[in-house]
Amino acid sequence: MKQEYDIAIVGGGIIGSALAAALMANTRCAGLRVALIDAAPELPAASVVCGQFDPRVVALSNASRSLLQQAGVWADIVAERACPYLHMHVWDAEGTGNIQFNSNELQRDSLGHIVENSVLQRALRARLARGDGYAQVDVCAAKLVESITAPVTDPFGNASGPTQLHFVSGETVRAQLVLAVDGANSSLREMAGLTTREWEYGHTAIVTTVRTEQPHNFTAWQRFTQQGPIAFLPLCDNPEGEHVSADDLANKVANFCSLVWSVESNKAEALMALTEQEFCAQLSREFEYKLGAVEWADKRVAIALKQRHAKTYFVPSLALVGDAAHTIHPLAGLGANLGLADASILVNEIARACERKLPLTDTSILRRYQRQRQGENLGVMVTMEGFKRLFAADDPAIRWARNSGMRWLNNAGWLKNKMVSIVAG
């Protein structure tokens, strides 16, 4: 492992790996030395099996797909497995309000793609391993940061030297710019003294793969209940090309979905204790048999939900990215897309600095990043919190208002299309 880098990305998950791949692919970043540092060991080789899916998935927006295309990984992702969704169907469990979105109305090939976390991660690591890019990226696995030494700064907040990362192994790496992409419980965020506003939802998300009696029709289904949303996200076995027509998809039978079921934590404990048969029967009822009976469920994973947002995204020469800066309720599947948007803006700002020959210790780089991302992330978080509280309300007047609003929105074509274009990117 080298001692000196221009950029150290700490956290080799999806967002950190995508950030490294995007830097590698950017012509304006030619010559940069980048370290992608992760505490976990190297990933296993690909092993996609028909009918067996990773329980953790990402609902990639078209904006996220564009970033992955620019990074040179999208072709590898679709070659392994990715499922486009052409429609969204959202409805209120406590009334008749519902909204349907259709990719044809936006004149797009899809509203997005459901991709398993492991598929996305393998494609990103394969791209980094090829190494044929403009920036040089070294992947440093099994390296745990124990402490950091911050640089001395001038009165304008510019660092006068590199930040030092000290590892448990005793090694030290110095970098002009450190990007903390080490997740919701970021240790670098704590080491840098960056604080967050956070609160427990009192909810748990149960995630797994299910097989349904009826095909999902390449539709993302979501039922809002007072307990929380239930989402069935479409999966398909056959690898798809980048541009697949709706007619081709219509001829495919696909009965596997990724389930994200958000409920109050005490109910989640009871659901996790059920047998597979009992769980499938309960889920079928809760989902109103929208896709017929749920015939099978894979092993369930329970994830406690918490919302947090960093009060500031950076200190001199160190910035928070993705879940290290913000976590959000999964009801709209926006978490990973927000993190990829962070990565996209950061790459642009780093490339801009390289073009202008600014040192990477110049505080204007991170100020511009924060200005573009903090307000937007906070706005999305506030909106999602509003949706959560709106659908959790038990007041009859509120129920009537939200159902009437959903029916009105479903018939307001221009506004509905504007709304889905924001979500779909």
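Me: How do you know that S4 is joined to strand S7 (residues 112-116)?
Reply: Three bridges join S4 to S7, and the two run antiparallel. Two strands pair if DSSP finds at least two bridges between them. Three bridges meet that cut-off, so S4 and S7 count as a pair. Tyr85 stands opposite Gly112 in S7. This is a predicted model: local features need pLDDT of at least 70, side-chain atom pairs count only at pLDDT 80 or more, and totals for chains, interfaces and linings use all residues. Residues are numbered from 1 along each chain as its sequence is written, and side-chain values use heavy atoms, with hydrogens and water left out.

Me: What makes S3 and strand S4 (83-85) edge strands?
Reply: The open sheet has three strands in the order S3-S7-S4, with antiparallel pairing. S3 and S4 each pair on one side only, which is what puts them at the edge. From one strand to the next, the twist averages 25°.

Me: How many helices and strands make up the secondary structure of the protein?
Reply: There are 12 helices and 20 strands. Both are DSSP runs, numbered from the N terminus: a helix is H or I with at least four residues, a strand is E with at least two.

Me: How do you know that S17 is joined to strand S20 (residues 326-327)?
Reply: Two bridges join S17 to S20, which run antiparallel. The pairing rule asks for at least two, so S17 and S20 meet it. Arg308 stands opposite Thr327 in S20. S17 (residues 301-310) is also joined to strand S12 (residues 196-212), by nine bridges, again antiparallel. There, Glu200 stands opposite Lys306 in S17.

Me: Why is Ala180 called buried?
Reply: Its relative accessible area is 0%. Buried means under 20%, exposed over 50%, and partly exposed in between (1.4 Å probe, protein chains only). At 0%, Ala180 falls under the 20% limit, so it is buried. Ala180 sits in strand S11 (residues 172-180).

Me: Which residues is Ala180 in contact with, leaving aside its neighbours within four places in sequence?
Reply: They are Val10, Ser186, Leu188, Ala319, Leu320, Val321 and Ala324. Contact means heavy atoms within 4.5 Å.

Me: Why does Pro41 count as exposed?
Reply: Pro41 has 58% relative accessibility. That is over 50%, so the word is exposed. Pro41 lies in the loop between strand S2 (33-37) and strand S3 (57-60). Not counting residues up to four places away in sequence, Pro41 touches Ala141 and Ala142. Pro41 and Ala142 are 101 residues apart along the chain, yet their C-alpha atoms are separated by 4.8 Å.

Me: Why does Glu288 count as partly exposed?
Reply: Glu288 has 35% relative accessibility. Phi of Glu288 is near 60°, a positive value in a residue other than glycine.

Me: Why is Phe218 called buried?
Reply: Its relative accessible area is 3%. That is under 20%, so Phe218 is buried. Phe218 is in the loop between S12 and strand S13 (219-224). Phe218 is not a glycine, and its phi is positive, near 55°.

Me: How do you know that helix H1 (residues 14-25) and helix H4 (residues 117-130) pack, and at what angle?
Reply: Two packed helices are described by the angle between their axes and the distance between the axes. For H1 and H4 the angle is about 35° and the axes are 9 Å apart. Axes are lines fitted to C-alpha atoms, for helices over the stretch in contact, and angles run from 0 to 180 degrees between N-to-C directions. Among the residues that meet are Ala18, Ala21 and Met24 in H1, and Leu120, Leu124 and Leu128 in H4.

Me: What is the make-up of the contact of H1 with H4 by class?
Reply: The contact has eight nonpolar, three polar and two charged residues. Ala, Val, Leu, Ile, Met, Phe, Trp, Tyr, Cys and Pro count as nonpolar, Asp, Glu, Lys and Arg as charged, and the others, Gly among them, as polar.

Me: What percentage of the 425 residues in the protein do buried residues make up?
Reply: They make up 53%. In helix H2 (residues 62-70), Asn62, Ser64, Arg65, Leu67 and Leu68 are buried. Just after H2, Gly72 takes a positive phi of about 80°.
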